[in-house]
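Work through the exercises below with the sequence and the structure in view. Each task is followed by a solution in steps.

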Amino acid sequence: MKTKESDFFIDKLIVKYQALSQKEKTIINLSIALFSVLFIIGSFYNGGEVIGSFLYTISH
């Protein structure tokens with residue numbers, strides 16, 4: 001049985017996204033960008049905390 005391209009979940013999402021207005025697309029893009037920035041800042045913070053505790057343990 002051959003699967004049609006329109007049966008894939010990601011294709012349905014792309015079609016729905018393309019049907020949105022410019023304002024709705026902008027809101028979605030800004031939300032994704034904000035989430036990504038917060039995730040990256042959190043990753044740097046956790047990495048710095050691990051390195052800091054490691055350096056503290058070595059020096060004492």
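**Exercise 1. Charges**
State how far apart the mean positions of the positive and negative charges of the chain are.

Solution. This is a predicted model. Begin with the counts: the chain carries 6 positive and 5 negative charges.

**Exercise 2. Overall form**
Decide how the chain compares with a compact globule of 60 residues.

Solution. Start with the secondary structure: the chain has two helices and zero strands. Next, take the radius of gyration, which is 21 Å for the chain, while a compact globule of 60 residues would have one near 10 Å. Finally, look at the extents: the C-alpha trace spans about 65 × 40 × 5 Å along its principal axes.

**Exercise 3. Surface**
Find what share of the residues counts as buried, and what share of the accessible surface belongs to carbon and sulfur atoms.

Solution. Of the 60 residues, 2% count as buried. The accessible surface of the chain is about 5,900 Å². Carbon and sulfur atoms account for 71% of that surface.

**Exercise 4. Threonine 26**
Is threonine 26 buried, partly exposed or exposed?

Solution. Locate the residue: threonine 26 belongs to helix H2, residues 22-59. Its relative accessible area is 35%. Buried means under 20% and exposed over 50%, so threonine 26 is partly exposed.

**Exercise 5. Rings**
Which residue lies over the face of tyrosine 17?

Solution. Search for aromatic pairs: the whole structure has zero. Then turn to charges over rings: lysine 25 lies over the face of tyrosine 17, at 5.5 Å from the ring centre.

How values were computed
Residues are numbered from 1 along each chain as its sequence is written. This is a predicted model: local features need pLDDT of at least 70, side-chain atom pairs count only at pLDDT 80 or more; totals for chains, interfaces and linings use all residues. Side-chain values use heavy atoms; hydrogens and water are left out. Helices (H or I, at least four residues) and strands (E, at least two) are DSSP runs, numbered from the N terminus. The radius of gyration is taken over C-alpha atoms; the globule rule is 2.2 Å times the number of residues to the power 0.38. Buried means under 20% relative accessible area, exposed over 50%, partly exposed in between (1.4 Å probe, protein chains only). Accessible areas come from the Shrake-Rupley method with a 1.4 Å probe; for residues, only the protein chains shown count as cover. Lys and Arg count as positive and Asp and Glu as negative; His and the chain ends are not counted. The place of a charge is taken as NZ of Lys, CZ of Arg, CG of Asp or CD of Glu. Rings of Phe, Tyr and Trp (its six-membered ring) pair if their centres lie within 6.5 Å; planes under 30 degrees apart count as stacked, over 60 as edge-to-face and the rest as tilted. A charge sits over a ring if NZ of Lys or CZ of Arg is within 6 Å of the ring centre and within 35 degrees of the ring normal.
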